[in-house]
Each structure stands twice: as C-alpha cells, then as structure tokens.
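Thanks for coming, everyone. Please take a look at the sequence and the model before I start.

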Amino acid sequence: MNIVINGHSGSGKSTAIRRILCALQEAPYGFWTEKLPFGSNAPVYLHPCRLPLAYMEGNRIGFCRERHAQAEPAMFESVGVAALSDIPRGALVLMDEVGVMERDAAEFQRAVFRILDGDYRVLVAVRDRSTPLLDAIRSHPKSLLADAPEANTPDFLAMALRLFMQKRDAMQE
C-alpha cells in the first residue's frame, strides 16, 4: 500500500505526512529531504530516517540556485539508495520528497520502485511537475494518489491510518 501526496513546494505535502506519522506512532525507514533557507544558493540534504541528523557534504544532494535545481546524482546513488535498502517486509517507509533532482540517478530510481513494488507501507511526497519519474510514481498501480490539500483533511488522515493499520495487521498474521 502506497500513499502518494502530490503538490507544489509549500502546499502541505510534508505537513500531511507528519500528521500521518504522528498518528501511527511508528518510526519509519526511508528518507526525508530538507532545503536550507540560504537565499539564492540553498543546499538540499537527504536525511535517512534511522540515522542521526547531519548536514555534511556526504548527504547534500544538490542546491536550489535561483529557483533552479542543481543535483548531485552520485549522492542519490549512495546515501539515497542506502536509505532505501535493507528494509524489513511490512515496514513503514517514508520518501519525502521525490522531485526533479533525481532525474539522472538511475539506481536511486530503481530503489524507489523496489519499495513501491514491494510489500511495504509507503508514504511518498512528490512534486507536482511532470517528469517520467514523477508521472510513474503518481500512476503506480499499488498507490493511492492525493493532492496536498485533500491529504490534510481529517477524513483523509482517518482513511490513511485505517489502510496502513489494516496492511500492518494483515502482515503480522
């Protein structure tokens, strides 16, 4: 079961994900990304969920320069792939967010689809741009797609919790 939350920057994708994670009270595997607010040359970091928070060159996946992404594909291929590896069956997996920087990171893209195709409970935030990667994530057959405003409603939260708990319970039987 995959829940894909779609939206532009600042639309509430991560807010919806935090609400779901808080309600589940379960530490996820996977990663979250963070753009630091340093004006026109903002570094972007990929933080594996189960490692200490770090702002180092080794997990900097690129920069946003004058509102244009400048990616470092090798970082996706190393730290990104590692964050999506060795995840137990049935685990809760976070990918917040997948955007345009991943375009040239083929192994990372394969890791994303191993998770989406696998037997996991996945929360993924995607940018509202049209790229082959983002379009494939949004149309994945095991995924439920919601736009960020819808994903921030109480009804959506209740539905997401119900789906993830049902999947977790079914996997424990």
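First, the ground rules. This is a predicted model: local features need pLDDT of at least 70, side-chain atom pairs count only at pLDDT 80 or more, and totals for chains, interfaces and linings use all residues. Residues are numbered from 1 along each chain as its sequence is written, and side-chain values use heavy atoms, with hydrogens and water left out.

Now, pockets. Rolling a probe the size of a water molecule over the atoms shows where empty space is left. Here the search runs on a 1 Å grid over the protein atoms alone, with a 1.4 Å probe. A pocket is an open set of points with protein on both sides within 12 Å along at least five of seven lines. Lining residues have an atom within 4 Å of a point. Grid points are joined across faces, edges and corners, and a volume is the space filled by probe spheres set on the points.

How much space lies in the largest pocket? About 950 Å³. It is lined by 36 residues, and the closest to its centre are S9, K35, C64, E97 and R127. Which elements supply at least two residues each? They are α1 (13-24), β2 (29-35), β3 (41-48), β4 (60-65), β5 (68-71) and β6 (92-98). Those labels are DSSP runs numbered from the N terminus: helices are H or I, at least four residues, and strands are E, at least two. α1 gives the most to this lining, with six residues. By type, the lining divides into 13 nonpolar, 11 polar and 12 charged. Nonpolar here means Ala, Val, Leu, Ile, Met, Phe, Trp, Tyr, Cys and Pro; charged means Asp, Glu, Lys and Arg; the others, Gly among them, are polar.

On to the second largest pocket. Its volume is about 210 Å³. Of its 13 lining residues, G99, V100, M101, R103 and D104 are the closest to its centre. β5 and α4 (132-138) each supply at least two residues of the lining. The largest share, three residues, comes from β5. This lining holds seven nonpolar, four polar and two charged residues.

Next, the strands. Two strands pair if DSSP finds at least two bridges between them. β3 and β4 pair in the antiparallel sense over five bridges, and N41 stands opposite R65 in β4. β4 and β5 also run antiparallel, joined by four bridges. There, G62 stands opposite A71 in β5. Two residues lie between the strands of this hairpin, and E66 takes a positive phi near 50 degrees. β4 is mostly covered, with five of its six residues buried. Buried means under 20% relative accessible area, with a 1.4 Å probe and protein chains only.

Last, two residues. Where does N59 lie? In the loop between β3 and β4. N59 is buried, with a relative accessible area of 6%. A polar atom of its side chain lies 2.7 Å from the backbone oxygen of A54. The backbone nitrogen of M56 lies 3.0 Å from a polar atom of that side chain. Contact means heavy atoms within 4.5 Å. Leaving aside neighbours within four places in sequence, N59 is in contact with V44, Y45, L46, H47, A54, M75 and V79.

H47 is found in strand β3. H47 is buried too, at a relative accessible area of 2%. Not counting residues up to four places away in sequence, H47 touches G30, F31, W32, E34, L53, A54, Y55 and N59.

How values were computed: Buried means under 20% relative accessible area, exposed over 50%, partly exposed in between (1.4 Å probe, protein chains only). A polar contact is a pair of N or O atoms within 3.5 Å; within protein, one must be able to donate a hydrogen and the other to accept it, and residues adjacent in sequence count only if both atoms are side-chain atoms.
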